[in-house]
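Visitor: I've got a model open and would like to learn how to read its strands and its interface. Where do we start?

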Amino acid sequence: MHELPQNLANGLMLGLMYGLIAIGYTMVYGIVQLINFAHGEIFMIGGFGALTAYAALPHGTSLWLALPVMILGGVIASVLTATAAERFAYRPLRTAPRLAPLITAIGLSIALQQVVWAFYPGAKKAISFPQFAGDTVDLGLFHLQRNDLFLLAAAPLCMLILASFVRFTRTGRAMQATAQDPDTAKLMGINTDRIIVIAFALGAAFAAVAAVAHGLRYGQVDFMMGFLAGLKAFTAAVLGGIGNIYGAMLGGLVLGVAESLATAYIQNVPGMHQLGGGAWANVWAFVLLIVVLLVRPQGLLGERVADRA
Amino acid sequence: MRKSSLLVVTIAVTGALTLSACGSRGAKTGSDNAGGTTKVVIGVDAPISGKLSALGLGIKNSADLATKKANKDNLVPGVTFSIEAKDDQANPTSGKQNATALVDMKDVVGVVGPLNSSVSQTMQKVFNDAKLTQVSPANTSPELSLGPDWGSSKFTRPYASYFRTATTDVVQGKYAAQYLFNEAKKTKVYVIDDKKTYGAGLAAIFQEEFKKLGGTVAGSDHINPDDKDFSAVATKVASSGADSVYYGGEYPEAGPLTDQIKKAGAKVPVMGGDGIYDPEFIKLSNNNSDGDLATSVGAPVEELSSAKTFVADYTAAGYKDAYSAYGGYSYDAAWSIIEAVKAAVEHNGGKVPSDLRTKVLAEMAKVNFSGVTGQVSFDQYGDTTNKQLTVYSVKGGEWKAVKSGTYNG
């Protein structure tokens with residue numbers, strides 16, 4: 001087996017998932033300058049929503065038929081949670097100092113975790129997620145897990161939908177306007193409250209798709225899964241340039257591939273044996289982040305904005 | 001005005017949700033002082049929530065069962081036993097807080113737990129300073145009872161208050177290496193661990209013994225306990241040409257790890273210690289774990305004649321969760337404290353001594369009874385004298401005992 005293509009493929013799949021979650025961070029930040037730390041939990045709730053939808057279907061339904069229902073279930077759960085969070089936790093704090101919504105986001109993140117832990121039946125330990133049966137798909141240079149095909153198809157599709165939505169629809173353009181200057185946008189007759197809700201909802205929907213992909217890939221969901229995934233996705237959003245949707249996806253891919261390659265190869269560099277392997281993947285991911293931010297403080301695709309005059 | 005009131009509501013709701021979630025964890029134990037009897041509490045510390053809760057709940061329930069049995073049999077006249085369970089979430093910091101809390105509770109005369117060796121490291125000193133007996137049903141790290149220099153056979157017992165009913169990793173790791181090399185005929189192993197006290201220690205002991213027997217180590221790697229993605233490590237295993245994998249760690253990572261190793265194209269058995277010997281391992285591997293191996297301390301509880309009553313009583317008590325891998329050991333751990341209380345009361349002319357903690361600790365070394373897992377007694381380091389081990393293998397989605405034996409040298 002060829003190791004390099006396989007490692008790149010592993011990193012790519014990981015990166016697509018980070019990217020899908022990162023979109024939620026970046027869209028919300030772009031419009032309200034809020035780092036929604038509860039986004040990892042929105043992702044987690046998407047996984048549980050999909051699982052609930054699957055459980056509601058008659059026993060023995062083929063996963064191909066169940067998948068759209070599961071995505072729908074996940075999206076509904078995530079979007080409801082995100083819009084409720086926006087309405088009741090963030091909107092009242094919109095004019096408050098920036099630290100207030102940030103702390104609220106962290107509190108909300110813990111609260112959502114504990115709610116799922118306490119009330120979802122069986123969530124006190126990891127719950128199995130349905131998976132497609134069958135062997136890995138051999139593509140010559142490398143192979144892909146059958147369950148990853150969903151992610152491989154869904155992530156670019158989501159990106160395409162989002163890009164055309166932002167560019168070609170009225171709401172999408174209103175969103176861009178609100179991101180540029182909320183006050184002027186309001187003067188032009190844009191309902192900025194509505195735009196903000198839509199940004200939260202879109203981010204949540206993509207997080208739910210990512211959660212389904214996560215469930216299929218790892219075969220399980222648990223109430224803690226949003227923490228690390230959220231942290232990585234946030235890193236990906238910053239890496240790619242927070243506020244930029246393409247940057248989020250690019251940041252995710254770079255992060256995923258970097259982690260995968262660091263695990264595989266740092267160990268072989270002479271004198272670096274102790275610093276390689278799976279345990280150090282996160283360290284190298286953050287080293288990469290620091291290096292990129294030193295060279296390009298605005299991130300890979302970020303725009304240099306005069307935030308404070 | 002409206003804004004600030006909403007803010008208050010938000011904070012209150014968030015706070016209440018968090019608090020109520022926390023509150024539901026500490027299982028409240030009966031504290032009514034039934035007329036004239038002395039209340040004696042056995043503390044339990046285990047991961048009751050979180051990823052390892054399957055094991056933790058088994059520990060808690062089994063200790064609870066032991067106290068109920070002692071009360072029912074009126075084993076120590078004039079004494080009513082109960083448990084006070086604390087949740088450490090497999091986190092050393094929480095473990096230390098729980099240890100301090102248990103020391104402060106005057107009725108607590110002994111503690112059963114914790115599950116994790118790393119948690120025990122933070123608790124030992126707290127208990128030792130308070131002369132409070134601690135009996136772990138599951139710690140396997142040698143350092144806890146033999147001191148930091150156990151590797152060079154210089155044994156010094158660090159804390160006189162520490163006992164365990166579980167066998168150490170020295171025994172377990174060597175036994176696993178002998179089985180894998182001599183009986184499963186595997187010669188090229190890939191070693192992975194999770195960097196925790198238990199996992200890293202076990203993997204190191206295994207690796208050393210495997211090399212000594214003449215096997216080769218194709219490579220080694222470490223993973224992070226919170227990760228889910230092990231695809232890069234799995235790819236390395238597949239391209240290394242290893243015919244087996246040894247994993248030092250616990251089932252929340254071991255399940256997905258074995259799944260991903262097999263999906264990466266390496267159809268080789270993954271072997272681990274008692275940390276992966278749990279039905280959850282098979283579930284988390286998406287049933288991709290057939291042929292995987294685990295060692296666990298003692299003989300299978302279901303097969304011991306001494307354990308029949310335990311299993312029957314546990315089922316009859318109607319606990320919601322299974323007794324898991326450490327149920328029998330937890331029952332024995334709690335029972336050893338009960339026996340020590342009994343001896344302390346008997347030597348005090350049938351009355352409960354005022355310095356019960358010190359007396360219980362003194363009696364622990366002499367405890368000797370026939371328990372669920374066999375004869376229970378402790379050596380001069382506080383380790384169990386029972387060195388029985390069993391190798392299990394996954395067959396058709398279930399752990400099946402393959403070989404039981406006693407480790408000797």
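Guide: Start with pairing: two strands pair if DSSP finds at least two bridges between them. Strands here are DSSP runs of E, at least two residues long, and helices are runs of H or I, at least four, numbered from the N terminus. This is a predicted model, where local features need pLDDT of at least 70, side-chain atom pairs count only at pLDDT 80 or more, and totals for chains, interfaces and linings use all residues. Residues are numbered from 1 along each chain as its sequence is written, and chains are lettered from A and ligands numbered from 1 in the order in which they are written.

Visitor: How many bridges join β6(B) to β8(B)?

Guide: Five, and β6 (residues 188-193) of chain B runs parallel to β8(B). On β9 (residues 270-272) of chain B, B:Tyr246 has B:Met271 as its bridge partner.

Visitor: Which way do the side chains go in a strand?

Guide: In a regular strand they alternate between the two faces of the sheet. In β8(B), B:Ser244, B:Tyr246 and B:Gly248 point one way, B:Val245 and B:Tyr247 the other, and all are buried (20 or more other C-beta atoms within 10 Å of their own, with C-beta atoms placed from the backbone).

Visitor: And how many residues of chain A are in contact with chain B?

Guide: Contact means C-beta atoms, placed from the backbone, within 7 Å. By that rule, 40 residues of chain A meet 38 of chain B. On the chain A side, α4(A) gives the most, with nine residues.

Definitions and conventions:
Contact = placed C-beta atoms within 7 Å. Buried ≥ 20, exposed ≤ 12 C-beta atoms within 10 Å, placed from the backbone.
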